[in-house]
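This briefing concerns side-chain contacts, taken up by topic. Please have the sequence and the model to hand while reading.

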Amino acid sequence: MSTPLGPAFWRLYAASAASNLADGVNRVALPLLAATLTRDPVQVAALSSLAFLPWLLFALPAGAVVDRVDRKRAMAVANVVRALALGGLAVTALTGTASLPVLYAVAFTIGVAETFYDSAARAMLPQVVARGQLDRGNGLLTTAEEASQGFLGAPLGSLLFALAVAAPLLGTAGGFLLAAVLVVGIAGRHRPARPDGPRTTIRRDVAEGVGWLWRHRFLRGLTLVSASTSLVQSTTTGVLVLFALDDLGVSEAGYGLLLTASGVGAVLGGFAAAPLAGVIGRTATLVVGSVVSALATGALAATDHPVVAGVLFGASTAGVMFWNVLTMSLRQALVPEVLFGRVQGGYRTLVWGGIPLGALAGGLLADATSVPMVFAVSGAGLLLLSLVLWRLLVVHRDLVATAFAADPTPTAA
C-alpha cells in the first residue's frame, strides 16, 4: 500500500488545478482572438512565440528568485499579475479596441508571470512529498494540469469565446485570482534553507545553478535533447489553430473539442506514466513515449478528418506526458533542493526558450509551403531525436536506475 501524499500536497494540487483550468481557457481564447484579427500564419504564430519568449529571457532570474523566497507566495503573486493582464485585455475586447500589439503585450506579460509560477510550483513538490513519491506526485499534478487545460479548459474556452469574446478573458482572470487564494492557504513557509555565509547576488546564484547543471553530464545531455525536442515539436504550436480552422474545416467550438481530444490523451498518459515505468523501466517508457509522439505528429500531415486528427493529437500528447512526468521526477531526484529553482531555470531557459523560435519557424515554413507540411517535418525530426534520447539513457542507465535510492525527508524552512 502506498504512503499517502499528505494534506500539503493536496492543497498544492487544488491550487495548481484551478490555475491550470484558467490557463487552459486562456490558451484557447488568445489564439482564437488572434485569428479574428488576422489570418496571416506568421502573425498568428508570433503570438505563441511571444507567450513563450519569457522562458528564454527570464527563466534563469526567476529560478534564482524562487530559491530565495517563499515559493507559495511567488506562485500567488504570479497569478495575480496574470489576472490583471487578462482583465485589461477583456476591457479592450468589450470596448472594441483589441489589436494585435495589445494581444502580444498581454501574452508576453502572462508568459513572464508563468516563469515565476511554474518554477516555484515545481520546486515546491520535493518539499511536500518524499523522494519515492515524486513519480506519483508529478503524475497527479501533470495529469491535473493537462486535464484542466485540454479536457476542461479547451472546450470551455471555445464555448465562452463563441458567446462573447470577453467572456473567457474575464473567466480566466477570476480563475487565476482563485488559484492565488488557494495557494496561500498551504500551511507553513516554503522558503528553501540556504547555507550560512555571506549574502550573494542574483547573478552569482544564477551562475551557481547553471554551472552545476553544465557539470552534470547526464542532466546536461538530457537538457540538450529536451531543448531540441521542444524546438522541433513547437513548430506545430503556432499554426495549430489554422490547421484546425482551415485544413480540418472545424468551427471555433470544434477547435476546442480538438484540444479536448489532446487533453484526453494527456490524462491517460499522465496516469499511465508512473505505473508503466514501474513495469518496463523509465528508459523504455521515455523512449516509447517519444516514438509514439513523433509518429502521431507526422501522421497528422496526411489527414483532413477531424476525428482521426483528434485521435492522433491524443496519442501524441500521451507520449509527451510520459516525458514530462518522468524527466521532471529525474531532475527533482538528482538536483539538490536548495539549487532546484536555479537549475530548473537553466533547464527551462533552453527547453522552453526554444518554443518561440520553433513556433516562429513553423509559421515561416507554413507560409512558404503549407500547414500540413509543418507537421510532417516536425514528426520526422522528433523520430530522429528519439534515437538520440535512447542512446543517452542507455549510456547513463545506472544513474537513472539509482536516482531514487536516497529518500531524504521533505524539508521546508
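With which residue does Arg-342 form a salt bridge? In this predicted model, Arg-342 forms a salt bridge with Asp-67, and the closest N and O atoms are 2.9 Å apart. The pair links distant parts of the chain, since Arg-342 belongs to helix H13 (residues 340-351) while Asp-67 lies in the loop between helix H2 (41-66) and helix H3 (71-95), 275 residues apart.

**Salt bridges**

- A search of the whole structure finds eight salt bridges, among them the pair of Arg-342 and Asp-67.
- Arg-342 counts as buried at 3% relative accessibility, and Asp-67 is likewise buried, with a relative accessible area of 0%.
- The side chain of Arg-342 also meets that of Glu-208 in a salt bridge, at 2.8 Å from N to O; this pair again links distant parts of the chain, with Glu-208 in helix H7 (residues 202-215) and Arg-342 in helix H13, 134 residues apart.
- Glu-208 is partly exposed, its relative accessible area being 42%, and salt bridges that share partners join Asp-67, Arg-68, Arg-71, Asp-205, Glu-208 and Arg-342 into one network.
- Arg-348 forms a salt bridge with Asp-118, the closest N and O atoms being 2.1 Å apart; because Arg-348 lies in helix H13 and Asp-118 in helix H4 (residues 100-128), the pair ties together parts that are 230 residues apart in sequence.

**Aromatic pairs**

- The count comes to six aromatic pairs, one of which joins Phe-9 and Tyr-13, whose ring centres are 6.2 Å apart and whose planes meet at 35°, so the pair is tilted.
- Phe-9 and Tyr-13 are separated by about one helical turn, because they stand four residues apart in helix H1 (residues 7-37).
- Phe-9 is buried, with a relative accessible area of 0%, whereas Tyr-13 counts as partly exposed at 25% relative accessibility.
- Phe-243 and Phe-375 form a tilted aromatic pair, with 4.6 Å from centre to centre and 40° between the planes; the pair links distant parts of the chain, namely helix H9 (residues 240-247) for Phe-243 and helix H15 (residues 371-395) for Phe-375, 132 residues apart.
- Phe-243 counts as buried at 0% relative accessibility, and Phe-375 is buried with a relative accessible area of 1%.
- Phe-9, Trp-10 and Tyr-13 form one aromatic cluster.

**Charges over rings**

- Arg-82 lies over the face of Tyr-117, at 4.9 Å from the ring centre.
- The ring of Tyr-347 has the charged end of Arg-331 over it, 3.8 Å from the ring's centre.

Note on methods. Residues numbered from 1 in each chain as written. Predicted model: local features only at pLDDT ≥ 70, side-chain atom pairs only at ≥ 80, totals over all residues. Heavy atoms only, no water. Salt bridge = Lys/Arg side-chain N within 4 Å of Asp/Glu carboxyl O. Helix = DSSP H or I, 4+ residues; strand = E, 2+ residues; numbered from the N terminus. Buried < 20%, exposed > 50% of the residue type's maximum accessible area, 1.4 Å probe, protein only. Phe/Tyr/Trp six-rings, centres within 6.5 Å; stacked < 30°, edge-to-face > 60°. Lys NZ or Arg CZ within 6 Å of the ring centre and 35° of its normal.
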